[in-house]
Amino acid sequence: MIYENVVCPFCGCLCDDLIITVEDGQITNTKNTCAISKSKFVNHHQYMLKPSINKKEVPVEKAIEKAAEILKNADAPLIYGLSSTECEAQRYAIHLAEILGATIDQTASVCHGPTILGTQDAGCVKCTLGEVKNRADLIVYWGCNPAEAHMRHFRRYSVYPEGLFRKDKKERTIVVVDVRKTASARIANTFVKIEPGADFEIISLMRAYLKGRDVPLTDEFKTLLETMKTCEFGIIFFGLGLTMSKGKHLNVDAALRLVRDLNDYTKFSITPMRGHYNVTGAGSTMAWVTGYPFAVNFSQGYPVSNPGEFSAVDVLARKECDAALIIASDPVSNFPADSWKHLADIPTIVMDPKVSLTSKVAKVCIPVATAGIEAEGTAYRMDGIPLRLKKVLDTPRLSDAEVLSQLIEKVMA
Amino acid sequence: MKIVLLSGRTTKQGVTAEIGKTSDDYLQNVAVIQLNQKVMEKLGLTDGDAVEVKTKYGSAVVKCRKSDIGENMGFMPYGPWANLLIGSDTQSTGMPDSKGVEAEVVKTDKDVESVDDILNRIVEGRK
Amino acid sequence: MSLVIKNGTVYDPQNNVNGEKMDIFIANGKIVEESAAKNAKEIDASKLIVMPGGVEIHTHIAGSKVNIARIMRPEDHRKDVVKKTQFKRSGTGYTVPTTFTIGYRYAEMGYTTVWEAAAPPLGARHSHEELIDIPVVDKGIFTLMGSNYFILKYTEEGDFEKLKNFVAWLLDATKGYAVKIVNPGGVESWKWGKNVNSLDDAVQNFNVTPREILKNLAKAADELKLPHSIHIHCNNLGSPGNYEITKETIEMLNPYRRHITHIQFNSYGGEDWTNFSSGGAEIAKTLNNNEKVTCDVGQVIFGDATTMTADGPWQHTLFKLSGNKWANSDVEMETGAGIVPYKFKKKNVVNAIQWTIGLEVLLLTKDPYKVFLTTDHPNAGPFYFYPQVIELLMSKKKRDEMLEKVHALAKERSALESVDREYTLSDIVVVTRAGTAKALGQTDKGHLGVGADADVSIYEFDEETIEKSFKKAKYTIKDGNIVVKDGEIVMDYMGRTYVLDLKADLSEEEKEIFSKYYTVQFSNYAVEDAYLPKKEVVPCT
């Protein structure tokens, strides 16, 4: 069976032109997939998680029962993850957090959380990826490396495709700004090297220079600024080079404001390169249900948000939660090491299709269907466009949405 | 040798993570640090040798790989080894200092730790 | 389950009931004759007024730009928190409330049907997904079309049949109910940083004018027999002197049906900010002199607002004027959006004049079936301030009191002070229910005749405290269920989403263009049934 127009459940590109071949219940071939996507589809059955309590394998129903018991008895549970599952599951997770009076956070807090903070200060002037494909004659990648992290971005959305007004790469100028010459820099017309931690200063100097101030901006950046001012339609794609480096949200704030300023001269936009395929969805669902896209707590009976107070890394580092439900993410792999201990010390429940490092320290493991391969649902692309994930394989495993729905029932009983 | 430590995605890290994080493929492709060729020469390292990377938050033993990254930098793919070296102070942003931590790199005889080794070390008392 | 609302003072102007004491009988979700309501549970309405449930014709509550606004305005939510109850999910309010809170607050105010006024087609799935989390009320979306590539292309080529077919296809693909047009052509020009400023300006890169776009879409909507007319946010919104383009838009679209939305923002006189004045009286005159035109006012409420429209260039202008944070979101091939927080101040001369205009238009338009009460939530203010506007409409005294509090120039630059008219309760029912339902083609709503949906709102009315009377309903009944009692939600309920019965196909050539210039696959574009758990299909007759 050949499935066409399948939506990829890996990165924020959310490519929806995948062709997946399924034979005898196995994925045997994929087309239009990047290397990482192919690996996800073809290897999805490897290292599958087994249901367990205290490392002993149990029927999944028992694991779910135990999870409900843990959550019900916790005073300050943490629910974390969400970005690699679909929206219905996310909405159930938020409801569960409300019922429990829990803290709920999603992976943006260690990814583009600073972008959200910057946006809350300055707003964000953006466009969908098709606008870039159709109109952009200047594309700047600042602090991101699509060649390794968003592998079909160049081909589908930015550098190579034929757009309404731009035929191909020759009609576009590509600039890469980074601390090192990445694989992405190889396809750029210009590579501009920036020192680690210098983004806020340089972008601020650019803003000042744009406004006619006499400031010590280097020639390289003066040239870049002039290119930005004089293009017809420019875009900055930025990534964790801005959000994770010194300055964090201030770096992003400065970049957002630079783009606002550039709109006095020409048409210019900026878009974050969102990592996981549904991290935009996690922020979206949290925002429409609670008002806030991450770091939310329900202990008052209504949503309160405070990054730093309710963001997962901080909650774990300060040992403020007494139970954790980790959904579609792997904090023991992705968080600083001193937060791992607490996840091992408290009763942690993991919902994941595969064995993860967090599952190795968890008290309860609940295997789930892989969203986008074995379960349908909505995912939101990096530019906010929603698409419906397809199901190409059957599985006896429950989806995240089904497990969470059961947890809600049991916790309320 | 002092460097500024960066971490980020790589294709191989992504591909092997999707196989499984307890796989050998993952270990081979993620427990690595990219260093400038000259820096490696100064430390007496050839490609694939073990190095110990130390920051004020912890240490990790990984393999070195030569690259044309700046001499004052080192790059590790996202994953548990890089996270041994990063602290959890987010300055109230929620985001740790995942890029830009000061690190020291030394040649070592120690073996590269597997994920189980790391978990045993960090998460004491786990069997 | 049967209900009888006993002895209430009923206002049902569509059926010529204007303050009569009578019983209303309900069974199986409908208004019925007495004989059909056996063993009816009684509601004693003897000291209460009874009217059809509110029908909101224009509000921004669900979808991409609304959610961008939520994300970028945490300061908006912190001051208005909503605790969970046995029946209610928690949430946050103020200008951009969360989805559950929106449904509850409309219902608590006595509204039972609510229309999301502007969904970008590529984001229609998002709008519908948020609507699933808006409880109680019946709902639906209007689909943005005024700067859509295909609409512009067929207008340029003069191919009306293809345009009409595309309109039908797009409404079906997005599960939208009406053709929404925002700054026609201007939103396309904004994709190059430009705008249009008259009905005859050329749209950037297209040999097409707003006049042509509007005429084509108006004709298409009428020929397709869509239940609602085209719904227009006119060009030049927010600019001094723009009442003229609004007048021209209304007049040149004769004999087609048209609805002008948040007309207050398009009823300005003067030439610049220094001689800014109200064009409300002129606009009311135009409405009085034209048939098949309706409008909603977008009345200003002093206090916090969040402006959010598809009118990208206007939103950029507002950013430059106010200095507040600014979000923009252009959508490939289709439309765009802009968001800027704003605060309307009594002592700001422009805001004060703006405040008079919505009231002027409501009071000077003779036929209440032509003019409806909205605040273009949240652009001119949050929807739950409607009771404040109701009071101002019903009480000249209250209007005069307010005129004393606002900037003194408002009296000079507007005709409001000279207007003595006071709305009756029947008038209020028309501008909030009967008229809106009629304009939307929702024949089972907005009235309490036999066969109507059993959507009823019951209030404790005191003419000394009109605003308080309408803030919270004593009872709100939805499909015959008591969902609100004493102003509080008492039942978990989900309303329907209305979609149209339209079938159309795109040609191979159109699908080719789609594949080339969109970044999603054609077959992944249309909204799936999974997003419409309670779908109700409406015929186009």
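Two strands count as paired if DSSP finds at least two bridges between them, and helices (H or I, at least four residues) and strands (E, at least two) are DSSP runs, numbered from the N terminus. This is a predicted model, where local features need pLDDT of at least 70, side-chain atom pairs count only at pLDDT 80 or more, and totals for chains, interfaces and linings use all residues. Residues are numbered from 1 along each chain as its sequence is written, chains are lettered from A and ligands numbered from 1 in the order in which they are written, and side-chain values use heavy atoms, leaving out hydrogens and water.

**View 1. A barrel in chain B.** Six strands of chain B close up into a barrel, in the order 1-5-2-4-3-6 and with mixed pairing. From one strand to the next, the twist averages 45°. Look for strand 3 (residues 50–55) and strand 4 (residues 58–67) of chain B: they run antiparallel, joined by six bridges. Here B:Lys54 sits opposite B:Ser59 of strand 4.

**View 2. Two helices crossing in chain A.** Helix 4 (residues 113–122) and helix 11 (residues 249–262) of chain A have axes that come within 8 Å and cross at roughly 45°. (Axes are lines fitted to C-alpha atoms, for helices over the stretch in contact, and angles run from 0 to 180 degrees between N-to-C directions.) That makes helix 4 of chain A oblique to helix 11 of chain A; angles under 35 degrees count as roughly parallel, over 145 as roughly antiparallel, 65 to 115 as roughly perpendicular, and the rest as oblique. Residues meeting here (heavy atoms within 4.5 Å) include A:Leu117 and A:Asp121 from helix 4, and A:Val252 and A:Arg257 from helix 11.

**View 3. A serine in helix 12 of chain A.** A:Ser284 lies in helix 12 (residues 279–290) of chain A. What does A:Ser284 touch, leaving aside residues up to four places away in sequence? Its partners are A:Tyr380, C:Asn67 and C:His126. A:Ser284 has 7% relative accessibility, so it counts as buried (under 20% relative accessible area; exposed is over 50%, partly exposed in between, with a 1.4 Å probe and protein chains only).

**View 4. Two loop residues in chain C with positive phi.** C:Asn183, in the loop between strand 11 (178–182) and helix 7 (186–189), has phi near 40° and isn't a glycine. C:Asn183 is buried, at 1% relative accessible area. C:Lys292, also not a glycine, has a positive phi of about 60°. At 49% relative accessibility, C:Lys292 counts as partly exposed.
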